[in-house]
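Subject: Structure for your records, with notes

Dear colleague,

Please find the structure just below, followed by my notes on what was found in it. I have kept to what can be read from the model.

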Amino acid sequence: MELRSDAVLASVEMSEVNSDGGASEGDADYESLPAHASLGTHMTAGAVAGVLEHTVMYPVDSVKTRMQSLQPDPKAQYRSVYGALKRIVQTEGLLRPLRGLNITVLGAGPAHALYFACYERIKRSLSDVIQNGGNSHIANGVAGSVATVLHDAIMNPAEVVKQRMQMYNSPYRSLYDCVLTISRKEGLAAFYRSYSTQLTMNIPFQAVHFITYEFMQEHFNPERQYRPETHIVSGAAAGAVSAAITTPLDVCKTLLNTQENVVLSSAHVSGHLSGMVNALRTVYRLGGVPAFFKGIRARVIYQMPSTAIAWSVYEFFKYFLTQHEPHIQELGRNTHKASPT
């Protein structure tokens, strides 16, 4: 009976809030997104969002890596994403497009936990200074750029291993074999050979990404309430725009990560290719301007749903965890009181 009476009181109070505040019927389904969620909430939501972002669309990412090859094997030349996936499954096995997924999951969780937590903290601090707590595109861009430095420091080694295992005729038998072989033959520095290029790509990528996302939210969700459809649409638009703009740098990053022997031989590169400038020269020498946009369709197709998934999952978990945080804290206090001293 007490539960029923509480439910009735809660319903009455909600009705009073709606009638006094003039909230629309559709808004009653949602509560405003928490402005000051805890660090743990951001990190947990970010970790879950990051893992799902990278896993759901991983087969398309495998295709993107192969399509960016400057001199692919004749058996690995693809005209479309669907055609590539179909041929890979038919000729190399059903699980081949998932090769390298394990290292991606291991890196994506902690990388995105730091990424979103850093972004939210810096964005809030800068917005308080620049716009007195309001939305600031400068704050969004700066926060996204700084968060990228932490994210890439964790993800760069995972990206190197992942892309080498994704390539056609990859010589590595397993994740362990790949890590061990790279370490022995090229040294630990090989895992960060593309770090400067990745930062050069990802800092503008994330700046455009966050500015676009927040811009879309301003127009489609100005009240900043939990509205899944706006997070999906805003995320997809942000992913598409930022992916298309930064594709040339992504091609260079792929070349530095994979160190394809055929490409290096054709470009008369002895040893290993390093540095963004050298990568830019090599790409242009072998394919001209069009080479910088190899795999752009696959990259956009991958990023749109991936970013939509990341933002929708992140906002959901941030909302869910924040709503349950007071109950968890209350439960913890009650448990502490009940425990014997």
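Helices in these notes are DSSP runs of H or I with at least four residues, strands are runs of E with at least two, and both are numbered from the N terminus. The model is a predicted one, in which local features need pLDDT of at least 70 and side-chain atom pairs count only at pLDDT 80 or more, while totals for chains, interfaces and linings use all residues. Residues are numbered from 1 along each chain as its sequence is written, and side-chain values use heavy atoms, with hydrogens and water left out.

The chain as a whole

The chain has 13 helices and zero strands. Of its 341 residues, 46% count as buried, where buried means under 20% relative accessible area, exposed means over 50%, and partly exposed lies in between (1.4 Å probe, protein chains only). The chain exposes about 17,000 Å², of which carbon and sulfur atoms supply 62%; these areas come from the Shrake-Rupley method with a 1.4 Å probe. If contact is taken as heavy atoms within 4.5 Å, then among contacts between residues at least 6 apart in sequence, 78% join residues at least 24 apart.

Helix H3

Helix H3, residues 58-67, is mostly covered, with nine of its 10 residues buried; among them are Tyr58, Asp61, Lys64 and Arg66. Threonine 65 is found in this helix and counts as buried because its relative accessibility is 0%. Its side chain makes a polar contact with the side chain of glutamine 166 at 2.6 Å, a polar contact being a pair of N or O atoms within 3.5 Å, of which, within protein, one must be able to donate a hydrogen and the other to accept it, and residues adjacent in sequence count only if both atoms are side-chain atoms. Leaving aside neighbours within four places in sequence, threonine 65 is in contact with Gln163, Gln166, Met167 and Thr254.

Methionine 67 also lies in H3 and, at 17% relative accessibility, counts as buried. Not counting residues up to four places away in sequence, methionine 67 touches Tyr78, Lys294, Gly295 and Ala298. The C-alpha atoms of methionine 67 and arginine 297 are separated by 9.7 Å, although these residues are 230 residues apart along the chain.

Helices H6 and H7

Helix H6 (residues 137-166) and helix H7 (residues 175-186) pack at an angle of about 110°, with their axes 10 Å apart; the axes are lines fitted to C-alpha atoms, for helices over the stretch in contact, and angles run from 0 to 180 degrees between N-to-C directions. H6 and H7 are therefore roughly perpendicular to each other, a term that covers 65 to 115 degrees. On the H6 side the contact is made by Val160, Val161, Arg164 and Met165, and on the H7 side by Leu175, Cys178, Val179, Ile182 and Glu186.

Two loop residues

Asparagine 169 lies in the loop between H6 and H7, and its phi is near 60°, a positive value in a residue other than glycine. Asparagine 169 counts as exposed, at 55% relative accessibility. Arginine 224, in the loop between helix H8 (195-220) and helix H9 (228-245), has a positive phi of about 55° although it is not a glycine. Arginine 224 counts as partly exposed, at 26% relative accessibility.

With best regards

Terms used: Angles under 35 degrees count as roughly parallel, over 145 as roughly antiparallel, 65 to 115 as roughly perpendicular and the rest as oblique.
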